[in-house]
Amino acid sequence: MEIQKFSHSATALAHPNIAFIKYWGNRDDALRLPANGSISMNLEGLDTRTRVHFDGSLRLDELQIDGVPTGGESLERVKRVLDEVRRLAVMQVFATVDSQNNFPLGVGIASSASGFAALALSASGAVGIDMDESSLSRLARLGSGSACRSIPGGFVEWVTGTGDLDSFAASIAPQGYWDLQDCIVLLSSEPKTIGSSLGNKLAGTSPFQASRVADTPRRLSICRKSILDRDFNAFATIVEEDSNLMHSVMRTSCPPLFYWLPESLTVMQAVRVARAAGLHACYTIDAGPNVHIICEALVSGDVVKLVENLPGVREVRLAKAGGPARLVDNSAQA
Ligand code: DP6
């Protein structure tokens, strides 16, 4: 077929995820090979829907996020994934990428995980290359590390692997296995000063990173078992410990990264006090000030009541465990 007439498209949907055992720091920044393994849960109801159209008449790759033409670093990362798809499909055709989020980008829910998972699936689907779940997860990882965990469904573990081909994520339990809920406490809409890509590069400058990484197999094993046993107390203890450890590394990096606001700590304290009184809830925080309170779904109403009137709380969003990334419209045409 003439290159000019090449026109293949597909659309995929993926959810963001919240990490219970965090990915922080790479042993290879370019390939996003993580310093340590991580475990997360996909977030139902929060969706990124991405359409990729490989079009032989284009002279460059083009990206739109929520209708806004986007270049710079975001486009470079998108190209990284598209280049890999072109290499695998043995073709040289540019693409338009149109990505829509059903959650506002400014609110502090990371969209790169869902965005790159949806991109990996739609781009490979558009050109019709047959990729299994692990290969798709590895492809998404090239755009954003945490995106590899948004390819499989439910509760997911990303193994470090030995290199590019075997560092990917897989489900450890399906979406309906444990009725957990993420109550996302939105405190600030300020854009982050230092995003996670740069933060990941700085992790090794903290003297605490090596011991955090060395101890990760223990935390992964406790977290994995607590999920499989649905043991909330064991789960809560390890999730909070892991978040605190990552933030200790962040705060002792060079330059230091302080993501918490005073209000974040107020929410964390409220959760700890309530758990001591028997509420099945614990906190975890990513590279920003918002607090994710993970609880058993039955008590999410109590969690909302606990935090909704605390200082600085703008909104609480609820998300249960979500499914895998999926193609929603595969309209590839010859
Ligand atoms: C704190 O996956 O966003 O959310 O690979 O540079 O895109 P890049 O980083 P990213 O880092 C996520 C960091 C985290 C912890 C986690 O999700 O595991």
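Which residues have the most contacts inside the largest nonpolar core? They are Val52, Phe54, Val78, Leu82, Val97, Leu119 and Leu139. The model is predicted.

## Nonpolar cores

The largest nonpolar core holds 33 residues. Strands E1 (7-14), E6 (48-55) and E9 (95-101) each supply at least two residues, as do helices H1 (72-89), H2 (112-127) and H3 (133-143). H2 gives the most, with nine residues.

A second core is separate and has 27 residues. Among them are Ile18, Trp178, Leu180 and Ile238.

## The four-stranded sheet

Strands of a sheet pair through backbone hydrogen bonds, in a parallel or an antiparallel sense. Here, four strands form an open sheet in the order E13-E14-E12-E15. The pairing is antiparallel. Strand E13 (281-284) and strand E15 (315-320) stand at the edges. Each has a single partner strand, so one side of each lacks a neighbour in the sheet. On average, neighbouring strands of this sheet are turned by 25° against each other, direction ignored.

Strand E12 (residues 180-186) pairs with strand E14 (residues 291-296) over six bridges, in the antiparallel sense. Gln181 stands opposite Cys295 in E14.

## Helices on the sheet

Helix H7 (residues 232-251) packs on the sheet. H7 touches E12, E13 and E14. Its direction makes about 20° with that of E13.

Helix H8 (residues 262-276) lies across E12, E13 and E14. H8 runs at about 155° to E13.

How values were computed:
Residues numbered from 1 in each chain as written. Predicted model: local features only at pLDDT ≥ 70, side-chain atom pairs only at ≥ 80, totals over all residues. Heavy atoms only, no water. Pairing = 2+ DSSP bridges. Axes fitted to C-alpha atoms, helices over the stretch in contact; angles between N-to-C directions. Contact = heavy atoms within 4.5 Å. Core = buried A, V, L, I, M, F, W, Y, C linked by side-chain atoms within 4.5 Å. Buried < 20%, exposed > 50% of the residue type's maximum accessible area, 1.4 Å probe, protein only.
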